[in-house]
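Welcome! Take a moment to look over the model shown here, and then we will walk through some of its parts together.

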Amino acid sequence: LFWSGSTVAATMAEWSGLHSSTSRHTMDKSITLPPDEIFRNLENAKRFAIDIGGSLTKLAYYSTVQHKVAKVRSFDHATKATSDELYEISVQEEVTARLHFIKFENAYIETCLDFVRDHLVNTDTKVIKATGGGAHKFKELIERKLGLRVDKEDEMTCLIKGCNFVLRNIPHEAFVYAKHADSEFRFQTTQPDIFPYLLVNIGSGVSIVKVESEDKFERIGGSSIGGGTFWGLGALLTKTKRFDELLQLASKGQHTSVDMLVKDIYGGSYGSLGLTGDLIASSFGKSATADKGFPKEDMAKSLLHMISNDIGQLACLYAKLHNLSRVYFGGFFIRGHPVTMHTITYSINFFTKGEVQALFLRHEGYLGAIGAFLKGAEEDNPNQYSWGENYAGSSGLMSVSPDMNPMQRARSGTFDMLEMDRLERKLVNLPLLQDASSYIPDTVDLAEDALAREYWLYCFEEALDGVVKRALASQPDMPEAAERAEKFRQKYRHKLQTLRHQPFAYGSLTVRSLLDTREHCLNEFNFPDPYSKIKQRENDMALKYYQKVVKSLEELSWEERQFALIRGVLAGNVFDWGAKAVSDVLESEPEFGFEQAKRKLEERPWLVDSYDQWFERLKGPPHKCALFFVDNSGLDIILGVMPFVRELLSRGTEVVLASNSAPALNDVTNGELQILTESIAAMDPVIQAGLREDRLTLVQSGSSSPCLDLSRLDKVLAMVVRERKTDLVIIEGMGRAIHTNYYAMLSCESLKMAVIKNSWLADRLGGKLFSVVFKYEVPAAGHDSEALTPP
Amino acid sequence: MAFKGHQREDENIDEELTPTKQPRNEPDNEAAAPAGRDASERRSSNSTPRHRSDSVKKTRPPFPWFGMDIGGTLVKLVYFEPKDITAEEEQEEVENLKSIRRYLTSNTAYGKTGIRDVHLELQDLTLCGRTGNLHFIRFPTHDLPAFLQMGRNKHFSSLHTTLCATGGGAYKFESDFRTMADLQLHKLDELDCLIRGVLYIDSVVSSGPSECYYFENPTDPDRCIQKPYTLENPYPLLLVNIGSGVSILAVYSETNYKRVTGTSLGGGTFLGLCCLLTGCSTFEEALEMASQGESTRVDKLVRDIYGGNYERFGLPGWAVASSFGNMMSKDKRESVSKEDLARATLVTITNNIGSITRMCALNENIERVVFVGNFLRVNTLSMKLLAYAMDYWSKGQLKALFLQHEGYFGAVGALLELLHPA
């Protein structure tokens with residue numbers, strides 16, 4: 001009987017239910033799509049998968065993308081004479097793997113399949129994996145249009161596979177929905193271990209699935225009262241045919257005229273049980289006695305409450321029985337509908353008194369397609385890699401929202417896209433996080449802080465012209481660069497506009513996500529490293545001063561030197577093209593030097609000042625190993641950081657320098673740092689010895705962001721950190737130590753250093769431009785030993 | 001939102017009570033917990049030992065003896081008619097009392113909507129040293145004003161009896177009793193009364209059909225038959241009261257129980273939806289339609305999707321995948337009958353109660369489930385569905401039990417309170 005509904009069931013029913021409205025859209029097929037913007041990189045596409053639901057089709061494929069990357073290469077000694085530059089920069093073509101997921105209305109399926117066939121070059125592809133209730137229905141069409149064999153996959157298996165994939169690879173995938181909060185979407189941080197969890201899929205029926213590991217899941221229950229009940233019963237009661245319209249009706253209704261409430265029976269609350277008067281005692285309980293009709297809206301609302309409460313209650317009973325606290329909800333009943341997310345959340349809160357939170361997924365609609373794709377791509381073993389959401393190529397949450405834009409939804413060529421890039425290396429947690437499961441990289445959630453959001457969106461928009469100019473200047477020999485630069489401008493401006501209205505589009509909105517989105521957009525239009533030439537020039541210049549700086553430091557007393565080293569790092573950090581205040585100065589006063597930078601610095605006591613504690617600590621035994629997350633190229637790394645590294649090495653502390661894997665602003669990349677360090681080693685025996693004896697190690701962070709997410713770091717870095725028994729973490733710069741990680745709790749000593757180069761932020765923190773944050777922290781006793789224990 | 005219950009029934013509607021309960025109004029720690037809204041409170045809690053004094057006569061209250069349960073839909077009234085009245089007593093009996101006794105016992109229907117369930121009458125019952133018959137009467141809650149008017153006309157208040165009442169209406173209508181009929185209600189918690197009533201009735205019914213029964217071979221329609229059951233050692237048991245809404249209690253002893261949860265999808269939902277979908281107006285009518293309909297035309301079954309069983313998850317083809325799922329299609333909406341819709345509504349509500357009950361039984365680790373409440377009155381269809389669901393989905397682990405006096409236990413509990421104050 002009842003409790004059986006399954007997703008599969010769901011979609012099938014969903015499908016037949018929509019049939020009539022689908023045919024109504026037939027004429028839309030002739031609408032011209034802008035598919036070059038949508039089905040991208042089809043030339044190399046392979047491993048197709050398709051998930052056809054009741055109203056939406058999701059197409060997935062794997063492709064390789066050729067894009068430009070900036071490489072640096074040391075001039076060998078033979079040719080060095082010809083140039084006074086340390087290294088050469090070249091832009092090379094590189095191929096990376098990308099997953100494409102496109103969601104569109106079923107009405108467009110033929111047009112889309114035609115387009116795919118016309119542009120498909122790769123002839124190796126023989127099979128398309130298919131799932132969803134409509135897969136059967138469209139089997140013949142797909143085979144005819146694409147000439148591929150349709151290979152059906154179990155829907156639930158696909159769903160779970162897709163769910164595991166997004167939970168593992170997309171930070172801020174899951175969120176809690178709070179209708180009345182400042183920000184409706186509260187994104188969850190990625191958990192080190194995503195299992196076990198409960199997935200409640202609300203299709204036409206409900207399936208409740210317990211997922212214990214990548215390959216182990218079990219349908220532990222379900223219910224026949226699901227989305228199909230809302231739709232079917234709702235259509236009978238209100239004569240409203242469309243699911244979306246029913247939800248709209250419900251959102252306008254008053255259930256209290258239809259439902260019998262506790263107060264209708266008790267006159268008030270049922271005190272001894274703590275049941276408040278407004279609770280529903282009997283759904284539709286008043287519709288039997290009343291001789292009148294009810295407004296459609298009220299009945300729809302009552303029905304929505306009845307079904308949401310029932311599903312929530314069952315989900316809670318199953319969660320309790322299996323002792324699970326993470327419960328994700330999906331299926332067409334939930335999909336992008338704030339109304340149902342709200343009622344389900346309400347129900348879960350009610351039945352568990354807050355012990356269990358209802359979680360939703362940003363890419364819930366793609367799970368089946370992702371899973372089907374993964375089934376077909378098993379030989380490529382996509383799960384051995386880490387993947388990252390490409391903000392440039394992805395539409396973001398609710399790009400097509402029935403509630404926000406019902407007209408658009410009604411007949412639309414709106415295509416929603418998700419693109420994921422394969423990352424070079426596997427990303428893992430920094431083993432030195434005090435509590436990986438509660439770590440939040442970002443200091444301010446701009447979705448919750450309207451003032452900050454306003455400022456930063458404005459700030460990024462203001463800076464856009466400069467970025468475009470910089471990008472153009474980086475490719476002076478390429479005539480089409482102007483066109484690409486303009487496209488970049490439009491794309492990024494559009495993203496900023498989207499985020500202004502939907503700050504939740506890509507998970508938590510943060511300064512980091514704004515910066516990352518900009519990097520993604522730059523890459524999208526083949527501006528892989530707009531700052532390469534500037535970095536090169538500054539590096540060359542700074543290197544000339546290195547020995548002089550070291551010499552003057554050597555002349556100081558030990559005590560003076562310790563302070564001078566810190567000031568040096570801070571002064572170096574003033575040089576940052578990413579900060580408007582500085583880039584203005586750099587543009588107008590090219591001679592702005594290291595010494596001048598020192599003068600700009602705030603005098604002690606700094607805005608945040610634990611230098612005295614740090615100094616005391618230095619009098620003690622040396623640290624075993626310091627992990628240093630570095631920031632900018634040029635004076636920062638060469639004249640600020642390297643002398644400090646030198647001192648640490650001299651003290652007997654091993655040093656691991658972590659730099660970006662790929663360019664972001666003027667941050668020094670791992671490739672550049674290799675060359676710089678060798679060059680410094682050539683003139684500095686301490687650095688040379690460090691490298692030779694393997695006490696100075698350069699690793700890539702795995703990141704290409706000006707900020708830092710300590711939960712997504714290169715696996716090798718994590719390994720080195722563990723092997724070296726790292727007991728000091730140094731994080732430098734505004735992006736890594738203030739916008740992110742300011743509150744990060746580490747299990748070892750840590751030093752966060754930055755110069756605040758943004759007057760708004762300085763103001764907020766109670767300081768002024770060029771205020772200094774010097775935060776030295778020692779974890780509460782008991783954490784050190786833990787930190788070194790392998791996981 | 002949600003839950004808790006009430007139910008409904010027949011033409012006039014009958015109601016039942018439901019809500020829920022939990023500890024008693026004792027200063028018990030948990031009861032007072034602010035969060036104690038619904039569901040599961042951990043066991044422990046409440047237990048209010050109730051000593052019943054048997055000092056009979058002295059404490060015996062004067063006649064008439066009533067117990068009343070005012071639910072959201074129905075008022076349930078039990079009345080003890082003494083049959084051992086001596087001539088002396090007869091003479092002393094005031095006219096008012098006599099007239100009430102005669103009125104109640106000589107009719108089986110009162111006004112347009114009041115009904116005495118004669119088949120449930122318990123004869124030769126000894127209560128507080130007196131022997132007599134226990135009568136079971138119900139009428140719709142919305143006719144309570146007429147009832148109060150009658151009490152006023154018959155000068156009920158002059159009898160100085162205490163009117164013990166439970167159910168939400170005891171609270172909601174307390175002032176009406178006072179102002180309209182000059183009657184002071186003694187309000188009682190409905191779940192306390194419910195449990196007390198169940199245990200009492202089960203203990204006193206010895207002759208006639210067994211109070212407690214179950215269905216043998218519930219999964220085989222041809223061999224499914226009603227069989228008596230002895231509730232000798234009943235604890236722990238899950239007590240599911242299906243009124244307008246539903247309350248689910250875990251009972252560990254007469255005084256130790258908790259309300260596990262409840263659902264707002266109950267008898268009231270069945271009747272309410274049936275009225276909207278079919279235009280019917282009474283519980284009996286709705287049931288009659290349901291008995292002639294076919295829910296599989298309305299619901300989408302597993303086999304409608306998979307062509308058979310969904311082997312991957314062990315789901316049989318006949319299982320409902322989506323209640324009312326076929327109604328997403330316009331064509332199918334136009335081809336179903338009112339009877340089909342009534343049947344589907346009944347099946348949906350009943351199975352959902354079964355589903356929640358089963359999960360509660362698992363969570364509470366209880367294997368015996370007693371279903372009561374007026375939703376089950378003349379509703380063999382639902383009882384068999386519940387029996388089937390409990391048995392099938394628990395692979396025979398769970399047993400569904402039913403009681404003859406379905407909806408009257410709260411009223412009986414209230415009467416007992418009059419005679420043996422807890």
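This is a predicted model: local features need pLDDT of at least 70, side-chain atom pairs count only at pLDDT 80 or more; totals for chains, interfaces and linings use all residues.

Why can strand 19 of chain A be called largely enclosed by the rest of the structure? Five of the five residues of this strand (residues 625-629) are buried, so the strand is largely enclosed. In a regular strand, side chains alternate between the two faces of the sheet. Strand 19 of chain A is covered on both faces, with A:Cys625, A:Leu627 and A:Phe629 buried on one side, and A:Ala626 and A:Phe628 buried on the other.

**Another enclosed strand**

Strand 16 (residues 416-422) of chain A tells a related story: six of its seven residues are buried, so this strand too is largely enclosed by the rest of the structure. Strand 16 runs antiparallel to strand 3 (residues 87-105) of chain A, with six bridges between them, and A:Ile102 stands opposite A:Met417 of strand 16. Strand 15 (residues 387-389) of chain A is likewise joined to strand 16 in the antiparallel sense, by three bridges. In that pairing, A:Glu389 has A:Met420 as its bridge partner in strand 16.

| Strands of chain A | Direction | Bridges |
|---|---|---|
| Strand 3 and strand 16 | antiparallel | six bridges |
| Strand 15 and strand 16 | antiparallel | three bridges |
| Strand 8 and strand 9 | antiparallel | six bridges |

**A sheet of seven strands**

Now find the open sheet of chain A whose seven strands follow the order 7-6-14-13-8-9-10, with mixed pairing. Its edge strands are strand 7 (185-187) and strand 10 (217-223) of chain A, each of which pairs on one side only. From one strand to the next, the twist averages 35 degrees. Inside this sheet, strand 8 (residues 197-202) and strand 9 (residues 206-211) of chain A run antiparallel and are joined by six bridges, with A:Leu199 opposite A:Val209 of strand 9.

Which helix lies across strands including strand 6 (174-177), strand 13 (326-330) and strand 14 (357-361) of chain A? That is helix 5 (residues 155-169) of chain A, which also lies across strand 8, strand 9 and strand 10, and runs at about 125 degrees to strand 8.

**A helix and a loop residue**

Helix 22 (residues 670-683) of chain A has 14 residues and reaches 20 Å from its first C-alpha to its last, close to the 20 Å expected at 1.5 Å a residue. Its buried residues include A:Leu673, A:Ile675, A:Leu676 and A:Ile680.

A:Ser703 sits in the loop between strand 21 (696-700) and strand 22 (713-714) of chain A. Is A:Ser703 buried or exposed? A:Ser703 counts as buried because its relative accessible area is 12%. Leaving out residues up to four places away in sequence, A:Ser703 touches A:Asn660, A:Ser661 and A:Ala662.

**Cores and chain B**

The largest nonpolar core has 184 residues, and A:Phe329 and B:Phe371 touch the most other members. Helix 9 (residues 296-321) of chain A gives the most to this core, with 13 residues. A second, separate core has 57 residues, among them A:Leu86, A:Met642, A:Leu648 and A:Val655.

Chain B comes to 15 helices and 17 strands, and 64% of its 422 residues count as buried. B:Pro236 lies in the loop between strand 10 (225-228) and strand 11 (237-242) of chain B. With 33% relative accessibility, B:Pro236 counts as partly exposed. B:Pro236 and B:Tyr252 are 16 residues apart in sequence, and their C-alpha atoms are 4.6 Å apart in space.

Note on methods:
Residues are numbered from 1 along each chain as its sequence is written. Chains are lettered from A and ligands numbered from 1 in the order in which they are written. Side-chain values use heavy atoms; hydrogens and water are left out. Helices (H or I, at least four residues) and strands (E, at least two) are DSSP runs, numbered from the N terminus. The expected span of a helix is 1.5 Å times one less than its number of residues. Buried means under 20% relative accessible area, exposed over 50%, partly exposed in between (1.4 Å probe, protein chains only). Two strands pair if DSSP finds at least two bridges between them. Axes are lines fitted to C-alpha atoms, for helices over the stretch in contact, and angles run from 0 to 180 degrees between N-to-C directions. Contact means heavy atoms within 4.5 Å. A nonpolar core is a set of buried Ala, Val, Leu, Ile, Met, Phe, Trp, Tyr and Cys residues joined through side-chain atoms within 4.5 Å.
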